[in-house]
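Please keep the sequence and the model open while going through the points below. They move from the whole chain to single elements and residues.

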Amino acid sequence: MQHFPIFVNTAGARVVLSGGGEAALAKLRLLMKTEAALDVYAPAPSAEIVTWAAEGRLTLHRRALRAGDVTGAVLFYAADEDATEDARTAGIAAVEGAMVNVVDNLADSAFITPAIVDRDPVTVAIGTEGAAPVLARAIKADLEARLPVTLGPLARIGKAFRRMAEALPHGRPRRDFWSDYYFDAGPRAFAGDEEATNDALDRLLARHLAREDAPGHVDFVGSGPGDPELLTLRARRALDRADVVIHDRLVTGEILELARREALLIDAGKEGFGASMTQEEINRLIVAHARGGAHVVRLKGGDPTVFGRLDEEMDAVEAAGLSFAIVPGITAASAALAGIGQSFTRRGRNTAARILTGHDMKGFADHEWKTLSRPGEVAAIYMGKKAARFIQGRLLMHGAAPETPVTIVENISRPDQRTIGTTLGQLEPDLSNARLSGPALMLYGLAPRAAAALNSLQQEVS
């Protein structure tokens, strides 16, 4: 992010613009929506600028900008549509302490003006770092169609009511009140009548003040394999409501950024054969925060019902008398299969498939190796990276063919996904030689489809 988005307080502030043509007009139409005091310097201003000056909407100086004219200004726009003059005026403004924007010159600008959706006091700013103005305008048009014009008046009424709402406790009680107002009671009450809306707010606040403290709740949420676009809508909503997010190490930073900014994020990561938070401590954290009235999201990589120790955590929550819900996610096996262009079952090949773990609480996990060694068997093996030599030995010992295909997919669904196609006989040393550093899943009995077919499929999807 090269440009950090902020909202500048323009109430009573001075904003200076140099220029009198089309570029100046475009900026002034936007700036006149603010509460800034506007000074325009233009030897030959357009008729519209002259009219606006006559109406008292800005102060017009019919001359070129010179030293001292920008002193005390917060923002400065160079809009003379002449590179030499823009450079001269921008230099003056920079020396005199204003933030400088040179219209249509990203490289020499200290700030840029985004595309804006105006539902005052609700303002949505859209920026593309100057890379795609057409895309910014398309997003603006889409948002303007989606956001009702009543949003602005509702927000103004709500803003005036904020002090009254401070009678509610911080956190969830206030969020519930404002959610009810903006998405239920407010729109129903508002019909251009602010008095009716204020009455509705009074009644709504009285109901919320009379409520008993809401009990805490726990959502066990699957974050999918890593790609934020594979997160379910229900998972997104849970993250948006969460007061506390207790997450595993496999949950990506891009997904954690979708949580509410005010949410408490707790890393409860576990790593096979490595340092980790104990399950008892995780259970204690979940229960303690939920008992305190928080909406807790226990965020797990993939799907919480697959090798996620879900039962132990549900038992702890249930024993504490707390409510919970399970929000399923796309498990790593499904995403890995999609990534190599294969299906888990196929007529004539296998009518059953297994999901296995490479190690359990006692170490390397034992399975029905004789059954798995039969031709056509397919399995997704989780946490099998460190157990690969053990798995290879057991399968070969029970008669599995050395040429049985095996595919390892690392960092499933992420930009740095890597696929290693090998055979059971070559699983080691191929796996060691690959030097995998990220989470990986082993698909036994399956080989990747041809890269050309996969690439064409990915292009169609994107």
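1. What percentage of the 462 residues in the protein chain do buried residues make up? The share is 42%, where buried means under 20% relative accessible area, exposed over 50% and partly exposed in between, with a 1.4 Å probe and protein chains only.

2. This is a predicted model, in which local features need pLDDT of at least 70 and side-chain atom pairs count only at pLDDT 80 or more, while totals for chains, interfaces and linings use all residues. Residues are numbered from 1 along each chain as its sequence is written, and side-chain values use heavy atoms, with hydrogens and water left out.

3. The protein chain has 16 helices and 19 strands. Both are DSSP runs numbered from the N terminus: helices are H or I with at least four residues, strands are E with at least two. The radius of gyration of the chain is 30 Å, well over the 23 Å that the globule rule gives for 462 residues, so the chain is more spread out than a compact globule. That radius is taken over C-alpha atoms, and the rule is 2.2 Å times the number of residues to the power 0.38. The C-alpha atoms fill a box of roughly 95 × 60 × 40 Å along the principal axes.

4. Contact means heavy atoms within 4.5 Å. Among contacts between residues at least 6 apart in sequence, 63% join residues at least 24 apart.

5. Strand S1 (residues 14-18) has four of its five residues buried. S1 runs parallel to strand S2 (residues 37-41), with five bridges joining them; two strands pair if DSSP finds at least two bridges between them. Between S1 and S2 the chain passes through helix H1 (residues 22-31), and this β-α-β crossover is right-handed. The term means that, with the strands pointing away from the viewer, the path from the first strand over the helix to the second runs clockwise.

6. Val16 has Asp39 in S2 as its bridge partner. S1 also pairs with strand S4 (residues 75-78), in the parallel sense and over four bridges. In S4, Tyr77 is the bridge partner of Leu17.

7. The axes of H1 and helix H2 (residues 47-54) come within 10 Å and cross at roughly 35°. Axes are lines fitted to C-alpha atoms, for helices over the stretch in contact, and angles run from 0 to 180 degrees between N-to-C directions. H1 contributes Ala24, Leu25, Leu28 and Arg29 to the contact, and H2 contributes Glu48, Ile49 and Trp52.

8. Val50 is in helix H2 and is partly exposed, with a relative accessible area of 29%. Not counting residues up to four places away in sequence, Val50 touches Pro45, Leu60 and Arg62.

9. Leaving aside neighbours within four places in sequence, its contacts include Ile266, Ala268, Leu285 and Val296. The C-alpha atoms of Ile246 and Ile116 are separated by 35 Å.

10. In helix H14 (residues 388-397), the buried residues include Phe390, Ile391 and Leu395. Just after H14, Gly399 takes a positive phi of about 100°.
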